[in-house]
Structure formats: C-alpha cells, structure tokens
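Dear colleague,

I am passing this structure on to you, and I would be glad if you could look through it alongside the notes below.

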Amino acid sequence: MSHFRFLDDSPGSTARRFIISGAIWFFVATVVGLVAATELVAPDLVGARGLLFPRIRPVHVNTNVFGFLSMLLVGCILYAVCRLSRAPLYSEKLGNLAMWIWNFATLAGLITIPMGFTQSHEYAEYVFPIDVAIVVALVMLTYLVFRTLARRTEHLLYVTSWYAVGAFVATLIVYFLGNVMWHAKTGALTGMNDAEWSWFYAHNIFGTWITPLALGLSYFWIPRESDNPLYSHALSLLGFWPYFAFYLQVGTHHLIEAPAQPWLKLIAEINSVGLLIPVYAFLTNQWLTLRGRWWKVPDSVVLKFIFAGTVMYFFTSTEGSLEALPSFQRIAHFTNVTVGHAHLGLLGFSGFIACGAGYGVLREMYGEIWSERLAHLQYWLMLIGIGGFTFVLTAVGLLQGSAWRNGETVYRVLPEIFPFYIERAALGCFIVTGAAIQVYNYVRTAQAHRQRSERALYAVDDTAIALRREAEVAGD
Amino acid sequence: MAMTPRSVGLGMAILATFATWTVLFLPGLTAPNTPSDIVRPLTPKERLGRVLYIKNGCIACHSQYVRPTDWDYSGLRVSQRGDYIYDRPHLLGSERTGPDLSQEGGQHTDDWQIAHFINPRYPRPASIMPRFSFLSPNEMDALVAYVQSLGGKMADQRMARQRHWHKLLVAAYHRGADYNASYLRSLVPPQWSTMPNPYPATQVAVAQGRFVYEQMCINCHGPLGDGNGPAAEWLDPKPFNFTLLKRHRWSGGLIYYQVMNGITGSAMPYFKEDLESAKIWDVANYVAVHFIGKNIDSGNDLNGIPVSRESAPPAEHEPYPGAKPHPVAPSPYPPPQPPLPPHPP
Ligand code: HEM
C-alpha cells in the first residue's frame with residue numbers, strides 16, 4: 001500500500017477494497033445503532049435534530065445493508081468468482097470505480113438522511129441521486145461478473161457463481177422497480193399499491209441480494225475449509241431455483257394485517273412456507289458437506305463464522321416462515337420480534353458469513369490473518385451480542401404483542417419493556433467492539449504482509465472445484 | 001440443465017419477470033381504487049405537515065393501520081384499502097414503538113399536541129418519543145394540522161367537537177378559577193358528581209394512586225397538584241389547580257368521570273384506554289387525599305370485595321382500626337340457609 005492509486009489496477013485490489021470498506025462501514029453503522037439504542041432508553045440524550053432516533057435509525061439500517069453487508073459480500077464474491085473461474089477479474093479499474101461509487105453512495109446516505117432527505121420507504125430511504133449511483137455501480141459489477149465468467153478457464157460453473165449471477169441480475173431488476181426510479185422525486189406510487197411495491201423491494205433486497213451472496217460464499221468456503229467435497233449437486237439445484245422462485249413473491253407477508261389484496265397475501269404466505277424447502281436443502285447440503293470434519297469448525301476462524309451463520313440462517317428462516325402465518329403474526333407484528341428476526345438474519349446469518357468470508361479472502365491474499373486470536377475474540381463477542389439480541393428482542397416483542405392483544409395501550413407497556421431496552425443497548429456494545437476488532441484486524445492484515453501474486457493465488461484456488469468434480473464423478 | 005452464466009442469468013430474468021408480473025403489476029391493475037367512507041384529500045397545510053412527518057422519520061416508531069385485533073386509541077375502525085388512496089408515499093409503518101396514529105386526529109386538542117411535540121414527557125411522563133421542539137412555529141402548526149387530520153372524516157368530526165368545547169372552556173377559564181370549577185362541574189352528569197368513591201382511601205390505594213399520578217398526570221397537574229407542571233406553559237386552559245378550590249363539590253365520581261372521559265376541548269385527555277377502573281378510583285383517592293385534602297370515599301370498609309348494590313351485612317367482628325363505622329341497612333335478601341347436614345356415609 002505504498003502508493004495509493006484511486007483506480008488501482010493491481011490484481012485483487014477491487015475485492016480487497018470492497019472488503020475493507022465493508023468492515024469500516026460495519027463499525028460506523030453499529031456505532032450509529034448503539035447511539036440509537038441508547039436514545040430509546042434516554043430519549044433526551046441528544047438535542048441535535050440530525051441525531052434524533054428517527055433520523056439515525058434509517059442511517060443505521062442503510063449503512064449496514066448497503067455499506068457493511070453489500071460491500072463485504074461483493075468483495076468476497078468477486079474474489080470467489082475469479083478463483084472459481086480461474087481467471088482474473090475482467091477489469092480491476094472498473095471494479096475500483098464501482099467500489100468508489102458505492103462508497104460515496106453510502107457516505108451520501110449517511111449525510112442526507114439525517115438532514116431529512118428521505119423517500120421514507122424502509123431500506124429505500126436513499127434519495128434519487130443515490131439510487132442512481134447504486135444502480136450504476138450494480139450495472140458495472142454485473143458486467144464485470146459476466147465478463148469475468150466469460151473468460152473463465154474452468155469449464156464448470158460452480159454454485160457460488162450461480163448465486164453471484166442470480167443475485168446481480170435479480171437485484172438490478174428489484175432495485176430499479178422497487179425504488180420506483182421513474183418517479184425521481186417521490187420514488188413512490190400511491191396508496192396500498194405503493195405499500196405492496198415497497199415491501200416487494202424491501203423483502204428482496206434481502207432475498208435477491210444479501211442472502212444469495214451469503215449463501216454463495218457459504219458454498220465457497222465450507223467445502224474448502226473442511227476439505228470435503230460438496231455433498232450434493234441435486235441439493236444445490238433444489239436450493240437455488242426454488243429459492244428465487246419463492247422469494248420473489250413473498251413481499252406481501254409484511255402486509256398480512258394491512259388492507260393489501262387478499263389473494264396477494266395468500267401468495268405471500270404460501271411462498272413463505274414454501275421457502276423452507278430451498279432453505280433446508282441448502283442447510284442439508286452445507287452441513288452434510290461437513291460430515292466427518294466437524295472437528296475442523298472450532299479451529300478455523302473462517303469456518304467458525306460461516307458455520308455459525310448457517311445455524312442462524314436456520315433459525316431466522318424458520319422463524320420467518322412462522323411470522324408469515326397470520327396466527328403468529330397477530331402477536332409478533334409491529335413488535336420487537338421483527339427487529340430480533342431482522343438482526344438474526346442480517347447480522348447473525350449474512351453478517352457472520354460476510355465477516356468469516358472476509359477473513360478467508362484476506363488470509364488467502366496475504367498468507368495469514370494478522371491476529372487469529374483477535375478474530376476468535378471477535379467471533380465470541382459478536383456471538384454473545386447477536387445471541388443476546390435475539391433472545392432479548394424476541395422476549396420483549398412477545399411481551400409487547402401479548403400485552404397489546406390483551407388491551408394494554410402502547411404507552412402503558414413502555415415501562416415494562418424499558419429494562420429490555422437497556423439490555424439491548426448493553427449487548428450492542430459487544431457488537432460494536434467486535435466490529436472495531438474486525439476493522440483493525442483486516443487493516444493490519446493488509447498492511448503487515450505483501451499481497452500474494454495472482455499466480456500464487458491460483459495455486460490455492462481450485463479445491464472447491466476439484467472437490468465438486470470428484471462428487472460428480474462419484475455419480476451424485 | 002447446464003448451469004452457465006447465460007442460462008442462470010436468463011432463468012433469473014424469466015423468474016423476475018414472472019414474479020413482478022404477479023406480485024407487482026397484476027395487483028396494480030386489479031386493485032379497487034375506490035375511496036373509503038372516511039377518506040378526504042389533505043389541505044396544503046396538512047400536506048406540509050406530512051412532509052415533516054416523513055423528514056423526521058416518525059414512521060420509525062408509528063404505524064398507520066388498524067388491525068381487527070387492535071385496541072389502544074385508534075382501535076375504533078379497522079383500516080380499509082380506500083383509506084390510503086391519496087397517500088404518496090404510503091406511511092403504513094412496520095413498528096409500534098409508539099401507538100398507531102390512524103385515528104389520532106381529534107383525540108387531543110391542538111395545545112396538547114404542541115406540548116407533546118415540545119416535550120413528549122410533559123403530557124406523557126414515561127414517554128420515550130424524542131422532542132421535536134426544534135420545529136419552527138410554522139412547522140409545528142403544519143405538523144399538528146397533519147396529525148389532527150389522521151382519521152379523515154372521523155377525525156374532522158372529533159376536531160369539530162374539540163373546537164366547539166375549546167372555545168367554551170377557554171372562556172370559562174378566563175372568567176376565573178371559581179367560575180371555571182363550577183362550569184366544569186356543570187358538565188358532569190349528576191349521578192356521577194354525587195357518587196362517593198366506593199373504595200376506601202387506604203394507604204395502599206393511595207400509594208397505587210400516586211404511582212398512576214406520576215405516570216400519567218404529574219407534568220400537567222404538577223407534583224404539588226397546583227396545575228403548574230412544565231406542560232402548563234403550553235396549555236390553555238391550564239391544568240386544574242386542585243389545591244385552591246376546596247369548597248367546591250368534590251366527589252370520587254366527579255374525578256372518575258373526568259379522568260375516564262377527559263374534558264373535551266381542553267388538554268385534559270381521556271384515560272379510559274390507559275387505565276382500568278380500579279386505577280382510576282385509586283388516582284381519584286390520591287388526588288383527593290393529597291392535594292385537595294379531603295377524603296371523598298364512601299367510608300365503605302369492604303376493601304377487596306367488589307362494591308355491589310346490596311348493603312353490607314352486620315359486622316360480626318370488630319372493624320379494623322381506621323375503618324369508619326357506617327349505618328347498616330337491612331338486607332333486601334333472605335338470610336342465608338343454614339348449612340346442609342353432613343352427607344351420611
Ligand atoms: C424463510 C425465510 C424467511 C421468511 C419466510 C421471512 C419472513 C419474514 C416476515 C414475515 C417478516 C415480517 C415480520 C413482520 O413485520 O411482522 C420478516 C421481516 C424481516 N426479515 Fe425475514 N424472513 C426470512 C428470512 C430472512 C432472512 C434470511 C433475512 C436477512 C437476510 C431476513 C430479514 C428480514 C428483515 C430485515 C425483516 C424486517 C423488515 C422490517 O423492517 O419490518 N429475513 N421476515
């Protein structure tokens with residue numbers, strides 16, 4: 001890193017910069033989240049209007065989704081796609097440009113939302129110019145992925161690359177339509193129809209963007225780290241197409257109790273339960289890949305993070321399908337159960353996979369992680385944080401839901417949930433500390449060692465492919 | 001099927017087209033867009049208030065739709081699709097850190113709303129809503145107008161009543177405390193204003209009443225009950241001063257009635273959603289004992305047994321210390337039957 005170039009063209013620089021940006025945004029977003037959590041306990045903590053809870057909550061959410069998760073996952077997936085196709089990235093310069101655009105978009109959102117520039121739809125708060133920047137960056141990245149794959153010297157297209165292609169293509173469509181980008185000023189339609197569109201978007205920013213990237217990385221790392229062939233090609237297929245087919249249609253399960261079209265709610269409910277098929281197919285495939293190698297999980301920090309991510313995927317998805325059922329939704333909707341589910345999904349599942357994959361990529365690029373011990377410490381801090389979050393938020397949500405159902409007013413329940421809010425803010429400290437460790441560890445890794453040459457990288461790259469071939473030959 | 005970049009990309013595009021057609025375009029094309037019976041377009045001022053609602057992220061804590069299972073303030077009417085035909089963007093919300101606002105319009109007077117935005121802990125001491133005191137007077141006006149429009153024509157009806165009574169109450173208030181007290185009493189049905197508090201003002205009851213007062217009333221009526229809580233600055237008429245007007249008629253029923261239903265037209269809100277019956281009687285006892293300095297209970301020592309119409313049976317044992325003796329009327333019911341003889345083995 002001796003001389004800094006804005007549009008670096010050295011191999012791996014796009015992936016590296018995406019990953020380190022993601023780690024930095026993780027820290028920023030969680031600090032913002034911690035302030036927000038504290039304000040729920042001490043509402044008079046800050047007076048500045050830009051720092052009030054309702055203005056920084058969307059900053060926390062968007063910086064996590066677009067800064068932390070998107071950037072870390074994109075960095076790792078670009079790296080994985082290159083390794084799996086045994087070809088360098090089509091253009092590092094283009095990749096770097098996309099990286100800068102993405103960073104500026106996130107930064108712009110961080111500044112504009114507290115100033116009151118928001119389109120008000122959840123996860124789509126960014127105003128039009130930022131939306132444009134993100135779409136431009138997405139187009140560039142999609143192009144990069146396709147061109148890189150076109151140059152692949154490995155004939156087989158591994159599952160990770162399916163997810164990469166699927167995520168980029170579907171997200172381009174979802175982002176453009178979901179943000180109603182042809183209405184630049186409002187980014188909205190009218191009435192309940194607007195709600196149906198915006199929840200289609202909000203759901204799919206996880207369904208077609210964050211989650212598939214994380215799933216792809218799990219497919220990449222679990223066989224490599226455990227040195228076992230991927231369990232089943234059939235399960236990979238079963239986990240892939242039905243996944244997208246179901247996911248794209250579940251948006252209205254956020255509006256089960258709102259006056260959305262009844263048949264649309266029915267579609268959403270059926271597909272939400274159906275989603276369990278690809279989810280469990282994926283999990284079976286991952287966990288059986290680990291058969292006979294479970295002992296490797298605690299030793300490798302990469303595997304540890306990613307395995308924990310898959311476990312939390314199990315919980316969050318099973319819970320999600322329950323939440324989509326009217327009988328459970330009656331108690332859970334509008335409460336912190338949803339907040340718990342969202343954290344388990346975004347931080348517990350995709351966040352853990354992103355952090356682990358980031359360590360994996362940096363370790364391969366630089367030979368070793370600066371401090372494995374710090375990484376393990378970070379794992380435990382984050383695990384305590386997210387485990388506690390899930391427990392506390394679900395408990396307080398069920399408490400709220402049942403109290404309201406029994407006729408207590410929201411105001412009367414506030415003192416009852418107060419202690420939970422304190423616990424939640426305290427648990428947030430664990431996560432912020434974890435995020436700080438991660439930035440430090442990533443940056444030190446990149447500084448302490450020389451990046452390996454592209455040639456050296458090829459030497460380590462082909463385990464997953466080779467193993468999967470083996471599985472195919474074995475007649476799977 | 002061979003998984004190649006092209007087949008995956010193409011498959012995804014086909015899936016997305018199919019899905020967006022079913023879940024986006026089809027609903028848009030088939031949606032009934034008829035206005036509901038209560039919806040009306042916003043006025044320009046209310047629209048400005050809506051923009052402030054969006055800018056300030058109120059949606060982070062407030063929803064705007066009512067489900068069939070909801071209670072609370074807005075549990076008056078289940079929301080319909082036609083309620084939203086003018087909304088752009090929609091503001092349905094997904095979290096209820098604060099109450100639903102679908103029917104907020106007219107639940108409170110404008111001065112309550114302003115005091116609440118200046119500092120939510122004035123009218124609602126345990127609130128965790130942030131302060132919006134930085135809004136300029138114009139903006140505050142617009143935000144209040146928007147909030148008071150929520151509920152459409154139902155809100156308009158409530159607002160009309162609030163405005164009507166507000167004028168009368170302000171006039172009464174400014175004619176002096178004495179006049180005001182008599183005026184407020186004239187608004188309470190006589191069967192309530194003559195009813196003593198059926199529950200005795202025991203130590204526990206008063207302590208419970210105090211807890212309720214601290215959570216619900218303290219920043220308006222003040223810690224001393226003199227109506228000088230911090231909210232008073234923003235209110236007209238000012239919160240009632242309980243300490244001055246001892247010679248006026250006070251009764252448990254009077255306070256109960258006013259607390260349960262509020263005083264329409266003033267910032268005094270209704271508490272029938274927040275407080276169960278026993279808590280209202282308790283807070284009435286607390287206010288009477290502590291601030292007014294009167295015991296307004298009926299002297300009924302039947303603590304713990306629901307107060308019902310029949311009078312108490314003759315005491316078979318000494319009343320507990322402090323209980324007031326009260327005349328025992330003959331019971332209208334026949335005396336209880338002697339116990340049945342034990343069943344033969
Ligand atoms: C089978 C899989 C899943 C299903 C069926 C599902 C279902 C649901 C449902 C029904 C809700 C709405 C709850 C409510 O408002 O009452 C919800 C909310 C949410 N889900 Fe999932 N979920 C699944 C997996 C995931 C995953 C893997 C993630 C993260 C990557 C995730 C992230 C979220 C988020 C962030 C919200 C909160 C949305 C809001 O702001 O209200 N979900 N989910």
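What follows is a short account of the ligand site.

Please keep in mind throughout that this is a predicted model. The site is shared between chains, because residues from both chain A and chain B surround the ligand. There are 27 residues around the ligand, and those that come nearest are E122(A), Y123(A), E323(A), H333(A) and H341(A). Sorted by class, this shell consists of 15 polar, ten nonpolar and two charged residues.

As to where the shell comes from, helix 6 (191-226), helix 10 (301-323) and helix 12 of chain A each contribute at least two residues, and helix 12 of chain A provides the largest share, namely seven residues.

H341(A) deserves a separate paragraph. This histidine lies in helix 12 of chain A, which spans residues 336-366, and through NE2, at 2.1 Å, H341(A) is the only protein donor of the iron atom of the ligand.

With best regards

Key
Residues are numbered from 1 along each chain as its sequence is written. Chains are lettered from A and ligands numbered from 1 in the order in which they are written. This is a predicted model: local features need pLDDT of at least 70, side-chain atom pairs count only at pLDDT 80 or more; totals for chains, interfaces and linings use all residues. Side-chain values use heavy atoms; hydrogens and water are left out. Donors are N, O and S atoms within 2.8 Å of the metal (3.2 Å for Na, K and Ca); water is not among the atoms, so sites may look incomplete. Helices (H or I, at least four residues) and strands (E, at least two) are DSSP runs, numbered from the N terminus. A residue is near a molecule or strand if one of its heavy atoms lies within 4 Å of it. Ala, Val, Leu, Ile, Met, Phe, Trp, Tyr, Cys and Pro count as nonpolar, Asp, Glu, Lys and Arg as charged, and the others, Gly among them, as polar.
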